[in-house]
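Let's take a walk through this model together, with the charged side chains and the strands as our guides. Keep the viewer open and turn the model as you read.

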Amino acid sequence: IYRFAFFLLRAIPAKPARLSPADLIYIYADKDAFVRSWQPDANFGSDYYLNISLDPRDPPAREEAMLIHFDLAGLPANATIDAATLELYQVGATGVAPVTISLYSVIDAWSESAVTYNAFPRINPNWPLAWSIDAIVNEYKGCDLTTLAQSWRSNPTTNQGVFLRGPASTLFLRAFESRNKN
């Protein structure tokens, strides 16, 4: 089974000593896309892979960044988010390792089939999360998003997903399977 991301949730009043598989709820992305600075009006919402990259060698730098969204509306009404982990399956990596990816909360609604580099939603610059990703491919990479998921749960209108981008001056590429791959 292809896991894109999962949220660990508790739908019982008391926190158990150890989570069992019955305590886990897996939520898969309902939309994802990446954008390219050198194809600013192109949409990559239906691609099989999501890229985050930067090539600063020839100005202007060529950047790829990605967006991911999860619909939490299907969670049980009594569910409490104890932990939330974003998991991405890395299939390609070049350049510096590890590379620090920044994750931002997205402010505006966006469409998987319409988002482009030039038509991009606003992000919350005050909510960056640093995620160090190695260059080992064909395995899942995980990032703790508990605080953000809890915020989305308490205020669902703020859930517009996450934006991921790499450093502004380092040559690198990280490629992940999209929800369209499997």
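**Strands and salt bridges**

Start with the pairing of β5 and β10, which is antiparallel and is made over 3 bridges. As you look, bear in mind that this is a predicted model.

Arg-165 forms a salt bridge with Glu-63, and the closest N and O atoms are 2.8 Å apart. This pair links distant parts of the chain, since Glu-63 sits in strand β5 and Arg-165 in strand β10 (residues 162–165), 102 residues apart. How exposed are the two partners? Glu-63 has a relative accessible area of 10%, so it is buried, the cut-off for buried being under 20%. Arg-165, at 28% relative accessibility, counts as partly exposed.

Glu-64 pairs with Arg-36 in a salt bridge whose closest N and O atoms are 2.6 Å apart. Because Arg-36 lies in strand β3 (residues 31–36) and Glu-64 in strand β5 (residues 62–69), this pair ties together parts that are 28 residues apart in sequence. Are these two residues buried or exposed? Both Arg-36 and Glu-64 are buried.

Why would such side chains pair at all? Side chains of opposite charge can do so when their charged atoms come close. In this model the count comes to 7 salt bridges. Among them is the one between Lys-141 and Asp-134, with the closest N and O atoms 2.5 Å apart. Lys-141 counts as buried because its relative accessibility is 7%, whereas Asp-134, with a relative accessible area of 29%, is partly exposed. These two also belong to a network of salt bridges that links Asp-134, Glu-139 and Lys-141.

To finish, go back to β7 and find Ser-105, which is placed in this strand (residues 99–106). Ser-105 is buried because its relative accessible area is 10%. Which residues is Ser-105 in contact with, leaving aside its neighbours within four places in sequence? They are Ile-123, Asn-124, Trp-127, Leu-148, Trp-152 and Gly-161.

Methods:
Residues are numbered from 1 along each chain as its sequence is written. This is a predicted model: local features need pLDDT of at least 70, side-chain atom pairs count only at pLDDT 80 or more; totals for chains, interfaces and linings use all residues. Side-chain values use heavy atoms; hydrogens and water are left out. A salt bridge is a side-chain nitrogen of Lys or Arg within 4 Å of a carboxyl oxygen of Asp or Glu. Helices (H or I, at least four residues) and strands (E, at least two) are DSSP runs, numbered from the N terminus. Buried means under 20% relative accessible area, exposed over 50%, partly exposed in between (1.4 Å probe, protein chains only). Contact means heavy atoms within 4.5 Å. Two strands pair if DSSP finds at least two bridges between them.
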